[in-house]
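Hello,

Here is the structure I said I would pass on. My notes follow below it.

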Amino acid sequence: MAAQLCQHGVVGIGSNALRSLRASLSQDLGIDAGVTTLQAMGYAAGDELYRSFCDWLPSHTDIATPHELDAAALSEVLSEFFGALGWGSVRIERVGALGLNLFAADWAESLPAEDAGPSCFFSTGLLASFFTALADGSPLAVMELQCRAQGDVECQFLVGSPETLSAVYDAVSRGEGYAAVLQS
């Protein structure tokens, strides 16, 4: 299985390396530029990850292509795939008509109670690229709403269109809940 996952430019690196990279970039470039750089790096890696997923899928499920993957199987299949790569197990839940929540209690980019605030910047880029490819190129963005590094039980990533997540960001900034934005 490992050889199959390490195709299309996908390589394995340790989760400590991601956290070290985040700290170094934030120190050298400043927090905002470090975050932007990590997200761009993650986004660049997402396409390669998606291509590995396409090859992995038929050999580990009875599903030939991602287009045959239905919503009921999405959570289990993605959890198995991301888990096999060492990212952690995931749970996917639909949020209204416009979003998906991805929950991960053991996500590799964060450590519980690092006291760092939301920190899965590489992952937000990676997941945005991955889900954009899964959606046949329809642009999707990812926002981290909870992070184990800030003491949350699990990381929570919200997946939606860039316009939707912009509206969610505005709502959250005003102290409102995000779910109402996703009902439209």
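Rings of Phe, Tyr and Trp (its six-membered ring) are taken as a pair if their centres lie within 6.5 Å; planes under 30 degrees apart are stacked, over 60 edge-to-face, and the rest tilted. One aromatic cluster is made up of Tyr50, Phe53, Trp56, Phe81, Phe82, Trp87, Trp107, Phe122, Phe130, Phe131 and Phe157.

This is a predicted model, in which local features need pLDDT of at least 70 and side-chain atom pairs count only at pLDDT 80 or more, while totals for chains, interfaces and linings use all residues. Residues are numbered from 1 along each chain as its sequence is written, and side-chain values use heavy atoms, without hydrogens and water.

The pLDDT (the predictor's confidence in each residue, from 0 to 100) averages 87 over the protein chain, and 91% of the residues score at least 70.

Phe82 is in helix H4 (residues 71–85) and Trp107 in the loop between strand E2 (99–104) and H5, so the pair ties together parts 25 residues apart in sequence. Phe82 has 0% relative accessibility and therefore counts as buried (under 20% relative accessible area; exposed is over 50%, partly exposed in between; 1.4 Å probe, protein chains only). Trp107 is also buried, at 0%.

In H5, 14 of 14 residues are buried. Just after H5, Asp136 has a positive phi of about 55 degrees.

Regards

How values were computed: Helix = DSSP H or I, 4+ residues; strand = E, 2+ residues; numbered from the N terminus.
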